[in-house]
Amino acid sequence: MPIILQVSKLVKRFGKLIAVNDVSFEIQRGTCFGLLGPNGAGKTTTIELMEGIKTADAGSILYNGEPLGHQFRNEAGIMFQNTALQEFVTVREMLVQYSRFYPRTADIDKLVEQYSLGEFLNQDTRKLSGGQKQRLLLAMALINLPKILFLDEPTTGLDPQSRRNLWERVRQVKAEGTTILLTTHYMEEAYELCDEIAIMDHGRIIAHDAPDALLAKHFDDVVVQINEEDIPRRLGESEFDATYRNGNAHILTADVNKTVERLLALEVPLNRLRIRARDLEDLFLELTGKELRA
Amino acid sequence: MWNRIYALFVARNTEFFRDRSALAWSVLLPVLIMFGFAYAFTEDNPEKFKVAIITAAQPGTATEQFKMTRYIKFIEVDGIEENLAKIERHQIDLLFDANTRKYWINQTSPNGYIVEKLLIAAFADSAQTLQQNMVEGDEVRYIDWVIPGVIAMNIMWGALFGIGYVIVRYRKMGVLKRLHATPVTSVEFLTAQIFSRLWLLLVVNILIFIGMDYFLEFRMDGSYFDLLLVFTLGCICLICCGLVVAARISSEEVANGLLNLFSWPMMFLSGVWFSLEGAHPLMQKLAMLLPLTHLTAAAREIMIDGAGLTQVADHLLVLGLSSVVLLLIGAKIFRWE
């Protein structure tokens, strides 16, 4: 697939802090690329450099092989992490205003229908709920029929239902051929939506591949999870090198049968035992040693 | 480009007209000020006699006796010609040259008539004779004198806070950041803000002008077109001041402080409420650097003296050049975030 956006040796400093340190990657047309990282990892700065909102101290960003310019501005759709909307203006007026900024625009009525904005179309933007606001912001980001869409933590603060609703809409956008660059705190979100992910920490990319490929590359084991009350901490740590969090002992093992046999031998009750594959959150913890939502 | 400017222009106007508290405040404040002043300065005031006097090297007893009269403010002046205009406009009631004992009064002025009687009484026992001269002119009430300044001041508040606060709030909320992610350029954004504020200020102040004229019947001797031109240029200049203040900062508290730093000296040093004649020369020079001084002076000359554009060309030039310089600075240092 052709490359739509190419980032090479990107550096951004704020005083002595190097927020983005020698970051390079490419995004293929029509894919969803996820940028993951804990707070302060540099992902928002990276995405804002790519959006042309901030200027890099070194490195280059090419859109369709050209430096970011007027064409990029006309063809990029952007949804920021914390965008405030103009006050005293209705949803329809916001869409009309933004449609006038671009030479090529979507049909507003169609957008309204697609993003279920009809019921509050003539409502002041100050009176929108979190989910309604996110839908409007996404519709605004799509008003120019973008070829590349930047979504900076689009579901932060949303309830699970609104989050899944937004995922569905992002899938639709991707299905229509739009390239998506997504930053998120939610590993499940990244796994559900992204074809490729890059994990950032301390301004650097520390892992980059398709989600399943990354998991396969880093893990050959599974997690056996037992309630903390069923296996005393001392026993779990000495016998299985288990880690304890959220009221559970987590035992990593490549041989589930052998682990279960050992647990039975130690007379550990298995009524609340769960076995799960390693996920992106585990990968992130392994790579960065940080809780994502901390 | 113009499509984008128009979109921003419409959005800002919509926001302004729907923000009822801001709209009401921007109309009510000047109305309240003007009614307050109209009430305060149309009351009878027994201490309004003003006599300009050209002191003699050796003043006689009668002159000294006249100068001791209570309730008269004596102002020492040097020349005659420049003060005749003040008699015409009732800014002084009598001009007395103690060297020649000639005096000038306005024949339509009641105050001039009374002060003349006091002067004649002071010289009744003197061998020296007085020589009367009459000048003619219409009365200029304080309200006539102060109205141009009050309208100019209202423009200043509307321009500085109307544009400065809005841009800072947009920046703080992230509205500017969102606009930066569109093809909108800083020049387009600033142009839209200037146009939006300009027409709002002009419409609001024209309505205030008409309303106040209906109630107070203040003086308007010049051309309405010239006055509109002066107010338009003044609006642009003061809006550009607001742009410079708001070009970089993102804190409303800092914006508030800076806007007050600009507006309060202008309010007191620009001759809105009182003339700076007799003030320290440095203060007078400082006042000439302020756009509000030129806006007030030009409006006053047109409204009270009936001046034309050529007579206020110096003020227009200063306002025009200041606008260009401030706009360039504002655009140069403007930051979206």
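Mentor: We will go through the chains, their contact, the helix packing and the cores.

Trainee: What kind of model is this, and which pLDDT limits apply?
Mentor: It is a predicted model: local features need pLDDT of at least 70 and side-chain atom pairs count only at pLDDT 80 or more, while totals for chains, interfaces and linings use all residues. Residues are numbered from 1 along each chain as its sequence is written, and chains are lettered from A and ligands numbered from 1 in the order in which they are written.

Trainee: How many helices and strands are in chain A?
Mentor: Chain A has 11 helices and 14 strands. Helices (H or I, at least four residues) and strands (E, at least two) are DSSP runs, numbered from the N terminus.

Trainee: And chain B, how many there?
Mentor: Chain B has 13 helices and 5 strands.

Trainee: What box do the C-alpha atoms of chain A fill?
Mentor: Roughly 70 × 45 × 40 Å, along the principal axes.

Trainee: What about contacts between residues at least 24 apart in chain A?
Mentor: They make up 70% of the chain A contacts between residues at least 6 apart in sequence. For chain B, residues 24 or more positions apart account for 77% of contacts with a separation of 6 or more. A contact needs C-beta atoms, placed from the backbone, within 7 Å.

Trainee: How many residues does each chain put into the contact between them?
Mentor: Chain B gives 19 residues and chain A gives 20. On the chain B side, helix H1 (2-18) and helix H7 (175-180) each supply at least two residues. H1(B) gives the most to that side, with 8 residues.

Trainee: What classes of residue are on that side of chain B?
Mentor: It has 8 nonpolar, 5 polar and 6 charged residues. Ala, Val, Leu, Ile, Met, Phe, Trp, Tyr, Cys and Pro count as nonpolar, Asp, Glu, Lys and Arg as charged, and the others, Gly among them, as polar.

Trainee: Switching to helix packing. At what angle do H6(B) and H10(B) pack?
Mentor: Helix H6 (residues 142-173) and helix H10 (residues 252-269) of chain B pack at about 165°, axes 10 Å apart. That makes H6(B) roughly antiparallel to H10(B). Axes are lines fitted to C-alpha atoms, for helices over the stretch in contact, and angles run from 0 to 180 degrees between N-to-C directions. Under 35 degrees is roughly parallel, over 145 roughly antiparallel, 65 to 115 roughly perpendicular, and the rest oblique.

Trainee: Which residues of H6(B) and H10(B) make the contact?
Mentor: Among them are Met153(B), Trp157(B) and Phe161(B) of H6(B), with Leu259(B), Phe262(B) and Met266(B) of H10(B). By class, the contact has 12 nonpolar, 2 polar and 3 charged residues.

Trainee: And H9(B) with H12(B), at what angle?
Mentor: Helix H9 (residues 224-246) and helix H12 (residues 291-305) of chain B pack at about 170°, axes 10 Å apart. H9(B) and H12(B) are therefore roughly antiparallel. The contact includes Phe231(B) and Leu238(B) of H9(B), and Leu295(B) and Ile302(B) of H12(B). Its residues divide into 12 nonpolar, 1 polar and 1 charged.

Trainee: What is the angle between H9(B) and H10(B)?
Mentor: About 140°, with axes 10 Å apart. The contact is made by Cys241(B), Val245(B) and Ala246(B) of H9(B) and Ala255(B), Leu258(B), Leu259(B) and Phe262(B) of H10(B). It has 7 nonpolar, no polar and no charged residues.

Trainee: Now the cores. How many residues are in the largest nonpolar core?
Mentor: It has 137 residues, and those with the most contacts inside it are Ala139(A), Leu181(A), Leu243(B) and Ala299(B). H6(B) gives the most to this core, with 18 residues. A nonpolar core is a set of buried Ala, Val, Leu, Ile, Met, Phe, Trp, Tyr and Cys residues joined through C-beta atoms within 7 Å.

Trainee: Last one: where is Phe123(B)?
Mentor: Phe123(B) lies in the loop between helix H5 (110-122) and strand S5 (131-135) of chain B. Phe123(B) is partly exposed, because 19 other C-beta atoms lie within 10 Å.

Key: Two residues are in contact if their C-beta atoms, placed from the backbone, lie within 7 Å. A residue is buried if 20 or more other C-beta atoms lie within 10 Å of its own, exposed if 12 or fewer, and partly exposed in between; C-beta atoms are placed from the backbone.
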